[in-house]
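Here is a short report on one structure. Look at the sequence and the model, then read on.

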Amino acid sequence: MALTLPSSFSNHSNKRNWLFQLHYDDESNFTGVAFYDTVVESLQYYGAVLNKPSIRESIDLINSTSKTSNLSLSLANFKYLGDDFSAEIFGGTRDYINRLVKVYIQPEDVTGISDCLLIYTGKFRVKYRALKHAKLDWS
């Protein structure tokens, strides 16, 4: 299936933000993080991403097999709902483990999610907590 880019990508500027939707509980809501602070569909995405993530996957067409993709993300330990964000992820009031994660590219600070490109969907699997940042992995 070919990707169809939203019209917001027709501008050839290099300004791109990545949006990470970290779904929790019944997956109807999420906490948003990004490379830098932004608002999309009136929802805040916190500029807390510390690394340049890469998405890995492979497909073997000859043997009709594929390997699950994964994504690693390091986040700053910012204040969220009156506490460190790592406290929310690792034992807070919401359950993020084995929940949906979506990654979008936001061109030119567009404010509609339909103008962003969905590039990854996965489940939150592994967690690691440090004092100043949290490392999150999805597959």
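The side chain of Q21 meets the side chain of Y45 in a polar contact at 2.9 Å. A polar contact is a pair of N or O atoms within 3.5 Å; within protein, one must be able to donate a hydrogen and the other to accept it, and residues adjacent in sequence count only if both atoms are side-chain atoms.

This is a predicted model: local features need pLDDT of at least 70, side-chain atom pairs count only at pLDDT 80 or more, and totals for chains, interfaces and linings use all residues. Residues are numbered from 1 along each chain as its sequence is written, and side-chain values use heavy atoms, with hydrogens and water left out.

Q21 lies in strand β1. Strands are DSSP runs (E, at least two residues), and helices are runs of H or I with at least four, numbered from the N terminus. T4 sits in the segment before β1 (16–24).

| Residue | Relative accessible area | Class |
|---|---|---|
| Q21 | 6% | buried |
| T4 | 68% | exposed |

Buried means under 20% relative accessible area and exposed over 50%, with partly exposed in between (1.4 Å probe, protein chains only).

Now the core. The largest nonpolar core has 23 residues. Such a core is a set of buried Ala, Val, Leu, Ile, Met, Phe, Trp, Tyr and Cys residues joined through side-chain atoms within 4.5 Å. F20, L22, V33, L75, F85, I89 and V103 touch the most other members. β1 gives the largest share, 4 residues. A second, separate core of 7 residues includes L19, A34, V40 and C116.
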